[in-house]
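This report describes how parts of a protein chain are arranged. Please examine the sequence and the structure shown below before reading on.

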Amino acid sequence: MKTEQRKTQFRKLGRMIAYYRKLRGITQEDLASNVNLSRTHVSNIEAPNMSVAVSLEKLFDIADALNVPVYKFFEFRD
């Protein structure tokens with residue numbers, strides 16, 4: 001049960017990253033380049049049907065690149 005809950009949280013986190021990336025008008029390619037990830041990995045993080053873990057270091061990098069306080073990624077919307 002806890003594993004499914006965690007997967008759901010990773011998917012919600014990915015959706016929030018996608019939301020702020022699009023709000024800033026940044027492409028997945030640009031974000032990936034700015035945080036030293038592949039575009040495919042960024043796509044997998046954001047994909048609604050994927051549950052990809054993100055290291056805290058990369059999460060802070062993504063927040064910096066998007067100019068978003070990291071806590072905003074955890075204000076999950078249902």
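**Terms and model**

A residue is called buried when its relative accessible area is under 20%, exposed when that area is over 50%, and partly exposed in between. The model discussed here is predicted.

**The nonpolar core**

The largest nonpolar core has 18 residues. Those with the most contacts inside this core are I17, Y20, L31, L59, I62, L66 and F73. Helices α1, α2, α3 and α4 each supply at least two residues of the core.

F73 illustrates how such contacts link separate parts of the sequence. When its neighbours within four places in sequence are left aside, F73 is in contact with L13, M16, I17, Y20, L59, I62, A63, L66 and V68.

**Helix α3 and its buried face**

Helix α3 spans residues 39-46, and its buried residues are V42, I45 and E46. Seen down the axis of α3, these buried residues fall within an arc of 90°, so they line one face of the helix. The cover over the buried residues of α3 includes α1 (2-23) and α2 (28-35).

Side chains of opposite charge can pair when their charged atoms come close. The whole structure contains 4 salt bridges. One of them joins R21 and E46, whose closest N and O atoms are 2.7 Å apart. Because R21 lies in helix α1 and E46 in helix α3, the pair ties together parts that are 25 residues apart in sequence.

Are the two partners buried or exposed? R21 has a relative accessible area of 8% and is buried. E46 is likewise buried, at 7% relative accessibility. Both values can be set against the cut-off of under 20% for a buried residue.

An α-helix has 3.6 residues a turn, so residues three or four places apart point the same way. D61 is partly exposed, with a relative accessible area of 27%.

E75 and K72 form a further salt bridge, in which the closest N and O atoms are 3.7 Å apart. E75 has a relative accessibility of 35% and counts as partly exposed, because this class lies between under 20% and over 50%. K72, at 25% relative accessibility, also counts as partly exposed.

Terms used. Residues are numbered from 1 along each chain as its sequence is written. This is a predicted model: local features need pLDDT of at least 70, side-chain atom pairs count only at pLDDT 80 or more; totals for chains, interfaces and linings use all residues. Side-chain values use heavy atoms; hydrogens and water are left out. Buried means under 20% relative accessible area, exposed over 50%, partly exposed in between (1.4 Å probe, protein chains only). Helices (H or I, at least four residues) and strands (E, at least two) are DSSP runs, numbered from the N terminus. The arc is that of the directions from the helix axis to the C-beta atoms. Contact means heavy atoms within 4.5 Å. A salt bridge is a side-chain nitrogen of Lys or Arg within 4 Å of a carboxyl oxygen of Asp or Glu. A nonpolar core is a set of buried Ala, Val, Leu, Ile, Met, Phe, Trp, Tyr and Cys residues joined through side-chain atoms within 4.5 Å.
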